[in-house]
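Open the structure in your viewer and keep the selection tool at hand. This tour goes stop by stop, saying what to pick and what is there.

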Amino acid sequence: MKKYNFNAGPSMLPREVVENTAKQILDFNGSGLSLMEISHRTKDFQSVVDESVDLFKELLSIPEGYSVVFLGGGASLQFMQIPANFLIKKAAYVNSGVWAKKAMKEAKFFGEVVEVASSAASNYTYYPKNFESNVPSDVDYLHITTNNTIYGTEYRGDFDVKVPLIADMSSDIMSRPVDVKKYDAIYAGAQKNIAMAGVTVVILKDEALEKRVRELPTMIDYHTHIDKGSMFNTPPVVPIYSMLENLRWLKEHGGLEAADKRAHERADALYSEIDRNKLFKGTVEVDSRSLMNICFVMNSGYEELEKAFLDFAVERGIVGIKGHRSVGGFRASCYNAQTMEGVNALIETMKAFEAKH
């Protein structure tokens, strides 16, 4: 039976990315050594890092004056590393979900945190908007989380604010064009749209780092990693290579404009079925619906069918649609590698379950 992977992360990757990475794990560039056991100091691996940086800059149209580094620790480490490097006295945060709230918690170790907008009171069923006038002019930066994987909300655009802007784009980076020049920093765990788990991408405006906020431990200081080209310590070799293969795949398949179009096609089809099918209903306000994480629950009167639908879906090869434990229901994650074939398989499963009940 063919499986259709809707896991929220680590997510599915294009089949050729998995296969090409697997080949290099067996024999890296004909060296007779596995990608898992080569030195990261070799010329061949340096070319992997260099090409990955170049493709990142090309695909995202990153202007001059920005650096791209590959780090460990996931976005969770960036919750601390961002304020360590950028927060002098006060920072503004948009509380749009669990991960944004965690980022706020870490920032409080370094200065005052102002919550300028929140959807917590509605259990994060919408993405806060029209808050720009609430951002104090004296903050060191405004931090946003563009997509919220647990609740299925997303702001698919670039805010215009008069203070430095920093974004956690872990779950929608490389799924749409981004106006990078509006940001002082963008960070993302790679395991949603661009690689296997284990590498974090950070895009940094060089000018924004010129002011030394405070003395920092070596590993926390972004200058350390920029100066050494992500090679200060041993980088996550295999995840970076899988990212390279995926960036090549994205370029070959039309870049980010095409990725954005595919994301809309997938989401439009699935949300249309959720809205049509009497057994299901969406969980967030329509204008905040994520294209990456499509969340829904059983409709009123059909709540007792939740487990039956999950079992039914598994029987038909649908994997990973169980909602996050904090909210329940279902979550169909449609990252870059998801296909319309997979989405249509889920839609047909929903229709068949409706007919059965």
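**Stop 1: the largest pocket**

Select Ala 8, Trp 99, Thr 149, Gln 191 and Lys 192. Of the 23 residues that line the largest pocket, these lie nearest its centre. The model is a predicted one. The volume of the largest pocket is about 420 Å³.

Now colour helix H3, residues 74–86. H3 gives the most to the lining of the largest pocket, with four residues. Next, colour the lining by class. Five residues are nonpolar, 14 are polar and four are charged in the largest pocket.

Why does the largest pocket lie between domain 1 and domain 2? Both domain 1 (4–9 + 256–355) and domain 2 (15–253) give residues to its lining, so the largest pocket lies between them.

**Stop 2: the second largest pocket**

Move on to the second largest pocket, which holds about 310 Å³ of space. Select Met 12, Leu 13, Arg 15, Ala 337 and Thr 339. They are the closest to the centre of the second largest pocket, among the 16 residues that line it.

H1 gives the most, with three residues. By class, the lining of the second largest pocket has seven nonpolar, four polar and five charged residues. Domain 1 and domain 2 each provide at least three residues of the lining of the second largest pocket.

**Stop 3: the two domains**

Give each domain its own colour. The domain assignment sets domain 1 at 4–9 + 256–355 and domain 2 at 15–253. Taken over C-alpha atoms, the centres of domain 1 and domain 2 are separated by 27 Å.

Look at where the colours meet. How many residues of domain 1 are in contact with domain 2? There are 29 residues of domain 1 in contact with 29 residues of domain 2. About 2,200 Å² is buried between domain 1 and domain 2, and carbon and sulfur atoms give 53% of that area. Select Leu 256, Ser 288 and Asn 336. These three supply 29% of the area that domain 1 buries against domain 2, more than any other three residues.

**Stop 4: the cavity**

A search of the whole structure finds one cavity of 30 Å³ or more. The largest cavity holds about 60 Å³ of space. To see its lining, select Asn 85, Leu 209, Lys 211, Arg 212, Val 213, Arg 214, Leu 216, Asp 221 and His 223. The lining of the largest cavity has three nonpolar, two polar and four charged residues.

**Stop 5: two backbone details**

Zoom in on Gly 9 and Pro 10. A cis peptide bond joins Gly 9 and Pro 10, with omega at about 0 degrees. Pro 10 sits in the loop between S1 and H1.

Then select Ser 61. Where is Ser 61? Ser 61 is in the loop between helix H2 (43–59) and strand S2 (66–71). The phi of Ser 61 is near 50 degrees, which is a positive value in a residue other than glycine.

**Stop 6: the annotated span**

The unreviewed UniProt entry places the feature "domain: Aminotransferase class V" at residues 4–346. The end C-alpha atoms of residues 4–346 lie 8 Å apart. This span is 33% helix and 17% strand.

Conventions:
Residues are numbered from 1 along each chain as its sequence is written. This is a predicted model: local features need pLDDT of at least 70, side-chain atom pairs count only at pLDDT 80 or more; totals for chains, interfaces and linings use all residues. Side-chain values use heavy atoms; hydrogens and water are left out. UniProt positions are given in the numbering used here, feature names are shortened, and annotations may be inferred rather than shown by experiment. Helices (H or I, at least four residues) and strands (E, at least two) are DSSP runs, numbered from the N terminus. On a 1 Å grid over the protein atoms alone, a cavity is a set of points where a 1.4 Å probe fits but cannot get out, and a pocket is an open set with protein on both sides within 12 Å along at least five of seven lines; lining residues have an atom within 4 Å of a point. Grid points are joined across faces, edges and corners, and a volume is the space filled by probe spheres set on the points. Ala, Val, Leu, Ile, Met, Phe, Trp, Tyr, Cys and Pro count as nonpolar, Asp, Glu, Lys and Arg as charged, and the others, Gly among them, as polar. Domain bounds come from an automatic or database domain assignment. Contact means heavy atoms within 4.5 Å. Buried area is the accessible area (1.4 Å probe) that two parts lose on being put together, summed over both.
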